[in-house]
Structure formats: structure tokens, C-alpha cells
Amino acid sequence: MGVNKLKLAVLISGRGSNLKALMDACADETFPASIALVLSNRADADGLKYALAGELPTVVVNHKDFPDRLSFDMAVHAEIVKSGADLVVLAGFMRILTPEFVNLWPGRMINIHPSLLPDYKGLDTHARALADGKSEAGCTVHYVVPEMDSGPIIVQKRVKVLPGDTPETLGERVLEQEHAAYPEAVRIVARSLLK
Ligand code: GRF
């Protein structure tokens, strides 16, 4: 009997290394999820190359084609519904989401953020952590709620700040942890949603 899998819609805007990490996790037949859709708001997002190489269904919904955030979000929503996905996975999706959209996926939309939330919501997280002299940095996977970079935490991973760290060197070590954190979080969410 096949394993019952959660279907993911992964939303990206750029590099797509977290998408790649999820694709690698899905290659393990015991992983409780598969990717039903990769959606990008940019046709030139590098991450789309991983999706194409892995023969995953992809769609581009360009925010510039819509008069406002809500109509863009509703077009994204329609694509996710069409794909049959059960869980929306934001992986470097660089759009502010309307509460109307977020509220259509209660407990069914997750995000990864490169800081130890609730510290450093928003951008430039590593530079801000270094400027504050923090001894630790990290990443957080959390459920999405209307307020940005908030919502219940699913997984958090920490790295030590090293002497001489720059935002780039620190960011690279955090990114490695992101690639472990996202599959781990999907396993946890699958455990509750597949019951
Ligand atoms: C990651 O650092 C993630 O935490 C943030 O955006 C970045 C996306 O990177 N939300 P990638 O596109 O997955 O490589």
C-alpha cells in the first residue's frame, strides 16, 4: 500500500534552494509529502530550473499583471486549488500576502524565515543580528498568519555566530540549516494533517 502523502504547493520568487531541499526530501519514498505545484511570481526565478529538471508542474503568476495585491493573491489561490495541494509552502516568496488570502489557508500555509523569530522579522536579518552583537542566529519555519513573519513556530534551528562573520558567511551557514529545517517541518505538519 502506498504512503498517504501531503501535496505541497511551493511558492518561490528566486534562487529556490529551499525548493531543491524539499525536492530532495520528497525523493525519499518514506517522506510524507510530494510537490503538486511550483508557483513563481517571476518568470526568471532560478528555482524554476530545479522544478523543470525534476519535471514538476510549474506556473508563473506575474504580480505585474494584476492591478492590486488582492487580485494577484486570488489568482495564486486559484492555481493552488487547481493543483490539488493541501499545504502552501512559502520558500523565498517575496510578496506581502493579503489577509484575505492567508485566511483561506488556516493552518495550511507555512513559511521559512532566516532568523530566530520573533527576532528580526523582515529583511537583512543576518546583518541586523551581527550589528546587535548576537552570539547566535538561525532560521524558523512557522505557520503563516496575516501579520508578517509571525504565527506559531514549527521548527527552529540555531547556528553560532563566529568571529569575523559577515552577513554572507553567517547567511550561508543558516541556509544549510534551512535546508534541514524545511523538510523536518513538513514532516511535522504532515503528521497532524494526514491523521
Ligand atoms: C531563504 O533565506 C528564506 O529563509 C527566505 O528567503 C530565502 C530563500 O532562499 N525566506 P531560496 O530561494 O530558497 O534559496
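Glu-55 is placed in the loop between α2 (47-53) and β3 (58-60); helices (H or I, at least four residues) and strands (E, at least two) are DSSP runs, numbered from the N terminus. Phi of Glu-55 is near 55 degrees, a positive value in a residue other than glycine.

This is a predicted model, in which local features need pLDDT of at least 70 and side-chain atom pairs count only at pLDDT 80 or more, while totals for chains, interfaces and linings use all residues. Residues are numbered from 1 along each chain as its sequence is written, and side-chain values use heavy atoms, with hydrogens and water left out.

Now let's turn to the ligand. Around the ligand are Arg-15, Gly-16, Ser-17, Asn-18, Gly-92, Ile-112, His-113, Pro-114 and Glu-178 (each has a heavy atom within 4 Å of the ligand). Both α1 (17-26) and β5 (109-113) supply at least two residues of this shell.

The table shows polar contacts, meaning pairs of N or O atoms within 3.5 Å.

| Residue | Protein atom | Ligand atom | Distance |
|---|---|---|---|
| Asn-18 | backbone N or O | oxygen | 2.9 Å |
| Ile-112 | polar backbone atom | nitrogen | 2.9 Å |
| Glu-178 | polar side-chain atom | oxygen | 2.8 Å |

Taken alone, the ligand exposes 370 Å², and the protein buries 85% of that (areas come from the Shrake-Rupley method with a 1.4 Å probe).

Where does the ligand sit? Its place is in the largest pocket, where sitting means that more than half of its atoms lie within 2 Å of the pocket's grid points. A pocket is an open set of points on a 1 Å grid over the protein atoms alone, where a 1.4 Å probe fits, with protein on both sides within 12 Å along at least five of seven lines; lining residues have an atom within 4 Å of a point.

The lining of the largest pocket has 36 residues, and Gly-92, Phe-93, Met-94, Ile-112 and His-113 lie nearest its centre. Elements giving two or more residues to this lining are α1, β5, α5 (125-131) and α6 (167-193).

Definitions and conventions:
Polar contact = N/O pair within 3.5 Å; in protein donor to acceptor, adjacent residues only side chain to side chain.
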